[in-house]
Amino acid sequence: VNYMINNFSIEEIIGVGTCLEYGRVEGKITENTKCKPTTNYGRGKLKFYKYLNNVCNKNHIRYKWARLFYNYGYNQKKNTLLKQLSVALENKEKIFHMSAGNQKRDYLPIKRVVYGLKQLILSQNFRGSVNISSGESISINKLVSLYLSKKKQSIKIVNGSLRMPEYEAFNFWGSDDLYLKEIDKEKLLKSYF
């Protein structure tokens with residue numbers, strides 16, 4: 001970063017972070033929520049956020065940081081919920097094992113995440129961190145049900161056979177209030193599928 005700042009005329013830097021920077025926080029998370037990450041990934045992102053923020057302040061560079069929640073879409077990693085479900089359907093499996101399923105998360109289709117990032121880039125006056133989130137919570141069971149309905153497929157769901165990650169709160173989602181006020185009036189979540 002220092003090399004780029006010293007050798008190029010940089011006016012703005014935009015970083016992409018994660019909801020895991022917040023740590024195990026229950027409920028609706030605003031950008032003012034104190035970050036207490038519980039994973040190395042979350043700690044690393046938060047450390048990078050602070051580093052970039054400091055460098056940008058010292059060099060009078062505009063700085064924006066987007067915190068992403070859960071997104072899904074084309075070419076997902078194989079360990080994600082919807083990718084695993086998609087593979088199970090493709091393989092014509094009869095049963096799909098899940099965690100409790102009643103935990104709530106903040107999911108956005110990747111196309112809407114990209115739209116939100118584009119709007120953040122185009123925003124002339126905003127500085128600081130912002131959640132790129134739906135502003136709503138959805139249970140994992142409901143998300144899976146909507147996915148199956150959209151695909152017009154069915155599979156027996158077995159809840160409780162997988163453990164929930166200990167580093168995540170049971171129910172959490174991002175507030176989109178700041179995004180709607182400062183970046184764009186259009187909600188990022190239009191529909192799940």
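Predicted model: local features only at pLDDT ≥ 70, side-chain atom pairs only at ≥ 80, totals over all residues.
**View A. Lys152 counts as exposed, at 74% relative accessibility.** In this and the other legends, a residue is buried under 20% relative accessible area, exposed over 50% and partly exposed in between, with a 1.4 Å probe and protein chains only. Residues are numbered from 1 along each chain as its sequence is written, and side-chain values use heavy atoms, with hydrogens and water left out. Lys152 lies in the loop between helix H5 (140-151) and strand E10 (156-158). Helices (H or I, at least four residues) and strands (E, at least two) are DSSP runs numbered from the N terminus. Although Lys152 is not a glycine, its phi is positive, at about 55 degrees.

**View B. Asn75 is a non-glycine residue with a positive phi of about 65 degrees.** Asn75 is found in the loop between E4 and helix H3 (81-90). With a relative accessible area of 65%, Asn75 is exposed.

**View C. Phe48 and Trp65 form an edge-to-face ring pair.** A pair of aromatic rings is described by the distance of the centres and the angle of the planes. Rings of Phe, Tyr and Trp (its six-membered ring) pair if their centres lie within 6.5 Å; planes under 30 degrees apart count as stacked, over 60 as edge-to-face and the rest as tilted. A search of the whole structure finds 12 aromatic pairs. In the pair shown, the ring centres of Phe48 and Trp65 are 6.3 Å apart and the planes stand at 65 degrees, so the pair is edge-to-face. Distant parts of the chain are linked by this pair: Phe48 belongs to helix H2 (residues 40-58) and Trp65 to strand E3 (residues 62-68), 17 residues apart. Phe48 is partly exposed because its relative accessible area is 39%, whereas Trp65 is buried at 0% relative accessibility.

**View D. Tyr70 and Phe172 form a tilted aromatic pair.** The centre-to-centre distance is 6.0 Å, with 55 degrees between the planes. Tyr70 lies in strand E4 (residues 70-72) and Phe172 in strand E11 (residues 172-174), so that the pair links parts of the chain 102 residues apart. Phe172 counts as buried, at 4% relative accessibility. Ring pairs join Tyr70 and Phe172 with Tyr72, Tyr107, Tyr147 and Phe193 in a cluster.

**View E. Two arginine side chains lie over tyrosine rings.** A charge sits over a ring if NZ of Lys or CZ of Arg is within 6 Å of the ring centre and within 35 degrees of the ring normal. The charged end of Arg67 sits 5.0 Å from the centre of the Tyr49 ring. Arg112 lies over the face of Tyr115, and the distance to the ring centre is 4.5 Å.

**View F. Ser129 is in strand E8 (residues 128-132).** The relative accessible area of Ser129 is 12%, and the residue is therefore buried. Contact means heavy atoms within 4.5 Å. Leaving aside neighbours within four places in sequence, Ser129 is in contact with Glu31, Tyr49, Trp65, Arg67 and Leu178.

**View G. Lys36 is placed in the loop between strand E2 (27-29) and H2.** At 55% relative accessibility, Lys36 counts as exposed. Residues up to four places away in sequence not being counted, Lys36 touches Glu21, Tyr22, Gly23 and Arg24.

**View H. Arg43 is placed in helix H2.** Arg43 is partly exposed, at 39% relative accessibility. Apart from residues up to four places away in sequence, Arg43 touches Pro37 and Thr38. The C-alpha atoms of Arg43 and Ser134 are separated by 23 Å, and the two residues are 91 residues apart along the chain.

**Context for the views. The protein comprises 6 helices and 11 strands.** The C-alpha trace spans about 60 × 30 × 30 Å along its principal axes. Of the 193 residues, 45% are buried. Among contacts between residues at least 6 apart in sequence, 81% join residues at least 24 apart.
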